[in-house]
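Student: I have a model open and would like to go through it with you. Can we take it piece by piece?

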Amino acid sequence: MHIKSAEFVMSNSDVAKCPKAKLPEYAFIGRSNVGKSSLINMLTARKSLAKTSGRPGKTQLINHFLINSNWHLVDLPGYGYARVSKNAKKTFQKFITEYFSQREQLVSAFVLVDIRHEPQTIDLEFMQWLGENGVPFSIIFTKADKLKPKAILRNIEAYKAVLLETWEEMPNYFITSSSNETGKDTVLEYIDTLNDN
Ligand code: GTP
Ligand code: MG
């Protein structure tokens, strides 16, 4: 898919105020600092469409971006960042939960996972919650530039093994790097296919 246009639409913390248009939508979620905003910039080839930072907790709202005038990408705050105040964490949790359980336009979520780490309980629990709530999702492994190909394969196999303890099959997954654009075409083609259905 060629990205002809990508524009910021709005930010808010209330799912009821998200864009009303019935356009297909894809949301990026995962732990703080996993690379959600960077991935959105990489996919859209816009350097600073979504704000990124080396410090976790950068994205704090639901951010809608309109792509090619006919679908939305959504950048969300990360979960699991210990240094955000308890209140802020609760507020995030509330609107993220509401977003995923109420947003009718959502076609699929992408749960981002840092390829370098062992499976983390918080990610596994979040995927479980999506499954229980009937939200389709794929996994996007991020920061693949940080590992050698062999280590990537080894970590994916370890992830699969843990997921298959609770899931009947391995969810659809992608290996990406926002630094060297690994996975860009594959993810965009996948979204294209879903948009056509
Ligand atoms: P929050 O909004 O805080 O939840 O973080 P986020 O998930 O949006 O992460 P963000 O895109 O802001 O990136 C966090 C840090 O990881 C930044 O320093 C990025 O430069 C770095 N980063 C993101 N993706 C990659 C990648 O593919 N490779 C490498 N090497 N670094 C990356
Ligand atoms: Mg972010």
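Student: Is Phe-92 buried or exposed?

Tutor: Phe-92 counts as buried, because it has 22 C-beta neighbours inside 10 Å. The rule is that a residue is buried if 20 or more other C-beta atoms lie within 10 Å of its own, exposed if 12 or fewer, and partly exposed in between, with C-beta atoms placed from the backbone. Before going on: this is a predicted model, in which local features need pLDDT of at least 70, side-chain atom pairs count only at pLDDT 80 or more, and totals for chains, interfaces and linings use all residues. Residues are numbered from 1 along each chain as its sequence is written, while chains are lettered from A and ligands numbered from 1 in the order in which they are written.

Student: Fine. Where is Phe-92 found?

Tutor: In helix 2. Helices (H or I, at least four residues) and strands (E, at least two) are DSSP runs, numbered from the N terminus.

Student: Which other residues of helix 2 are buried?

Tutor: Besides Phe-92, the buried residues of helix 2 are Ile-96, Tyr-99 and Phe-100. Seen down the axis, the buried residues fall within an arc of 85 degrees, so they line one face of helix 2. The arc is that of the directions from the helix axis to the C-beta atoms.

Student: Why would they line up like that?

Tutor: An α-helix has 3.6 residues a turn, so residues three or four places apart point the same way.

Student: What do the buried ones pack against, and what is on the face turned away?

Tutor: The buried residues of helix 2 pack against strand 3, strand 5 and helix 3 (121–132). Contact here is C-beta atoms, placed from the backbone, within 7 Å. The face turned away carries the exposed residues Lys-86, Asn-87, Lys-90, Lys-94 and Gln-102.

Student: What span should helix 2 have?

Tutor: Helix 2 covers residues 86–102, and its 17 residues should span 24 Å at 1.5 Å a residue; the end C-alpha atoms are 24 Å apart, which agrees. The expected span is 1.5 Å times one less than the number of residues.

Student: And helix 3, how far does that reach?

Tutor: Helix 3 has 12 residues and reaches 16 Å from first to last C-alpha, close to the 16 Å expected. Its buried residues are Asp-123, Phe-126 and Met-127. They cover an arc of only 100 degrees around the axis, which puts them on the same side of helix 3. What covers them includes strand 5 and strand 6. On the other side of helix 3, the exposed residues are Thr-121, Ile-122, Glu-125, Gln-128 and Glu-132.

Student: What follows helix 3?

Tutor: Gly-134, with a positive phi near 65 degrees.

Student: Which residues other than glycine have a positive phi?

Tutor: Among them are Asn-68, with a phi of about 50 degrees, and Ser-69, with about 55 degrees. Most residues other than glycine have a negative phi. Asn-68 is in the loop between strand 3 (62–67) and strand 4 (71–75), and Ser-69 lies in that loop too. Asn-68 counts as partly exposed because it has 13 C-beta neighbours inside 10 Å, whereas Ser-69 has 9 and counts as exposed.

Student: Switching to the core. Which residues touch the most other members?

Tutor: In the largest nonpolar core, of 39 residues, they are Ala-27, Phe-28, Ile-40, Val-111 and Leu-112. The largest share of this core, six residues, comes from strand 5 (residues 106–114). A nonpolar core is a set of buried Ala, Val, Leu, Ile, Met, Phe, Trp, Tyr and Cys residues joined through C-beta atoms within 7 Å.

Student: What does Ala-27 touch?

Tutor: Not counting residues up to four places away in sequence, Ala-27 touches Val-74, Leu-76, Leu-106 and Ala-109.

Student: Last topic, ligand 1. Which residues come nearest?

Tutor: Of the 23 residues around ligand 1, Gly-35, Ser-38, Thr-52, Thr-59 and Gly-78 come nearest. A residue is near if its C-beta atom, placed from the backbone, lies within 6 Å. Helix 1 (residues 36–44) gives the most to this shell, with three residues.

Student: How does the shell divide by residue class?

Tutor: Three nonpolar, 15 polar and five charged. Ala, Val, Leu, Ile, Met, Phe, Trp, Tyr, Cys and Pro count as nonpolar, Asp, Glu, Lys and Arg as charged, and the others, Gly among them, as polar.

How values were computed. Two residues are in contact if their C-beta atoms, placed from the backbone, lie within 7 Å.
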